[in-house]
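Have a look at the model first, then read on.

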Amino acid sequence: MSRLELGVCYYPEQWDAAQWRDDAARMVDMGLDWVRIAEFTWGLIEPARGQFDWGWLDQVVDILGQAGLRVMMSTPTAAPPKWLIDEYPEILPVGPDGQVRGFGSRRHYCFSSDVYLDEARRIATEYARRYGQNPHVCAWQIDNEYNDHDTVLSYSDAARQGFRRWLADRYGTIDELNRIWGTVFWGSIYTSFDQIELPNNLVASPNPTQALDFARYSSDRVRLFNRAQVDILRALSPGRDITHNFMAGSFEFDHHAVAADLDIVGFDSYPLGNLLGSALSEKDKRRYLRTGAPDYQGFHCDLYRSQGKGRMWVLEQQPGPVDWAEKNPSPLDGMVRLWTWAAYAHGAQAVMFFRWRQAAFAQEQFHTALLRSDGSLDQAALELAQVALEREALPSVIRTRAQVAMMLDYESLWAADILPHDDAFPNAQILRGWYTGLRSLGIDLDFVGPDDDLSGYALIVLPQCMIALAALAAKLQDSGAKLLIGARAGSKTADMHTPPNLAPGELASLAGVRVTRVESLPELAGESVRLGDGKTHSFTGWREVIETDNAVTGRFVSVYRDGSPAIVRSERATYLAMVPRDALLRDILVEALEWAGIRVTDCGPDLRITRRGGLGFAFNFGDIAQAVPNGGGQNYLVGTSEIPPYGIAIWREKAAH
Ligand code: GAL
């Protein structure tokens, strides 16, 4: 499937049945191919244990299918019914404050509850038996947004028991756990696995290995939960694709691992909803208030496309103002179209809009949709109609492997949150910063995890890879790629210990450095790095003292160890002894790209260009028109070489046929 497919999230249960047929006809007229339904319907389908009311959902599937729409059915486990919670209150999740999180909204379950796992299997089996072979049901979504409302980590009794079992499996004996956790420190010795508690509500910081193990355990529970439903759907609904909707900016469980069990990696795209709470500067938040950050869509699409091995769908696309951020501005007219094409350009096979009609009651009344609650067309519907027309002009193309890959290792992100050293350590934000730096230089990239195939890349960047195991070091070595390695890489072992040879541990021979001290500097007292060409740029935060015999291409300017190495280059790797941002980051990236033989196109802050197969795409997030770089003689399929504010252009690349 390489033509853009369009879809919508539909909640027929919230509307009069008399309206369903008309809704379906209008969806088809609008150019929609897919309808995603039923992710919150458990309480309606099974109003009391063992009593099922399928009639209405059967009818919905029938109406949609007969209208020519393909149905993505969902398992409803994101919202267990009240009777089930009353029967087994231990299903409820517990927050880090130790408070039980109650019934009345959604995601009120704990991944550690084996009772809930069994119930989830039971209801998924019922849905799969009912619709698994239905000709209109062509794909499945499992559950809904695993970490929504911060529900991956739960501090319940079930979690405590599960964690103890998981630790017993991992360590075998309590002595081994004591050794690896280093419980001799502060005398926290355990004599049995039954003594282990969860790492919340403590007086001071928890043992870091314990905290990392709890993150691993919690992530494993998500994978187990997802996998349990995958297995049921594979058996009862053969031939249908299975997906889950990952969230943007969510790193709380290992998405590489969960993705490996899915056919399609889905994600939910809310470019404005996620803007104000992001780590962007105030200036950028103002600048992109109504457009979303230029790299929001690209970052998540590239990440989830890579995890989906090319199969990625946007399962919820923001249609207008949402209702859940601290403030909820409207996108500018044209942005829904732009986001949709940006998703396609970055590899999406389908884009589904959230939602069909704006709710007139209950929680999300202020959340816009394709239609207003009275059924009239809202702006997103007009833009969707435009996209539906524009796609007719495009040939079918797929996105090919990029020259540059970015390493994203979830354990490294958890590790830096657990032992930050710098209370403002940007951690996951470092990935977004490097991504933006590369994209503003016109670079297309893939994401890779430590277990992925690394061959064929000219440059692999490792912005934050705090835990780098020997196997990864060997793969990086074998890949033949040039490496750009960020500070802190390899600084902890899998056990959260300092490596015997000091940081960067397993990466030492590739990077050719030894880190002898780390410090962190406050915003009020930044320092500078002088590059080889004499340019000096400031930085704050993390700084390392390193020893090296390799070429030093940047040095610190400071009252402390003035002139010590800040950037070191060996034959294969460039190592950074600080966390660069802004101009420093940009210069480092330009240099690294040139070193790896990759051509750079300066796009500036607001313009983004990318390629999908033989098609080129440009997106203008700014308020003045922009020219497609070197775009004069292209064959334009949408737009022209002059891209209006908030506009797009799509062309056939010269080499393509
Ligand atoms: C998503 C969620 C949807 C809906 C949407 C509103 O996080 O998956 O069910 O609540 O937000 O923007």
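The domain bounds used here come from an automatic or database domain assignment. On that basis the protein chain splits into domain 1 (404-595) and domain 2 (607-652). Keep in mind that this is a predicted model: local features need pLDDT of at least 70, side-chain atom pairs count only at pLDDT 80 or more, and totals for chains, interfaces and linings use all residues. Residues are numbered from 1 along each chain as its sequence is written, and side-chain values use heavy atoms, with hydrogens and water left out.

**Where the domains meet**

- The centres of domain 1 and domain 2, taken over C-alpha atoms, sit 33 Å apart.
- Contact (heavy atoms within 4.5 Å) involves 5 residues of domain 1 and 4 residues of domain 2.
- Domain 1 and domain 2 bury about 420 Å² between them, with 32% of it on carbon and sulfur atoms; buried area is the accessible area (1.4 Å probe) that two parts lose on being put together, summed over both.
- Of the area that domain 1 buries against domain 2, Arg439, Gly442 and Asp444 supply 82%, more than any other three residues.
- The interface has 1 salt bridge, meaning a side-chain nitrogen of Lys or Arg within 4 Å of a carboxyl oxygen of Asp or Glu.
- Asp444 pairs with Arg611 in a salt bridge, their closest N and O atoms being 3.0 Å apart.

**Salt bridges elsewhere**

- The structure holds 49 salt bridges.
- Arg106 and Asp148 form one of them, at 3.3 Å between the closest N and O atoms.
- That pair links distant parts of the chain, 42 residues apart.
- For exposure, buried means under 20% relative accessible area, exposed over 50%, and partly exposed in between (1.4 Å probe, protein chains only).
- Arg106 is partly exposed at 24%, whereas Asp148 is buried at 10%.
- Glu411 and Arg216 also meet in a salt bridge (2.9 Å, N to O).
- Glu411 lies in helix H14 (residues 410-418) and Arg216 in helix H8, 195 residues apart; helices (H or I, at least four residues) and strands (E, at least two) are DSSP runs, numbered from the N terminus.
- Arg216 counts as buried at 5% relative accessibility, while Glu411 is partly exposed at 23%.
- Salt bridges that share partners join Asp302, Arg305, Arg399, Arg439, Asp444, Asp446 and Arg611 into one network.

**Around helix H7**

- Buried residues of H7 (residues 174-181) are Ile174, Leu177, Asn178, Ile180 and Trp181.
- Their cover includes helix H6 (157-171) and helix H8 (208-236).
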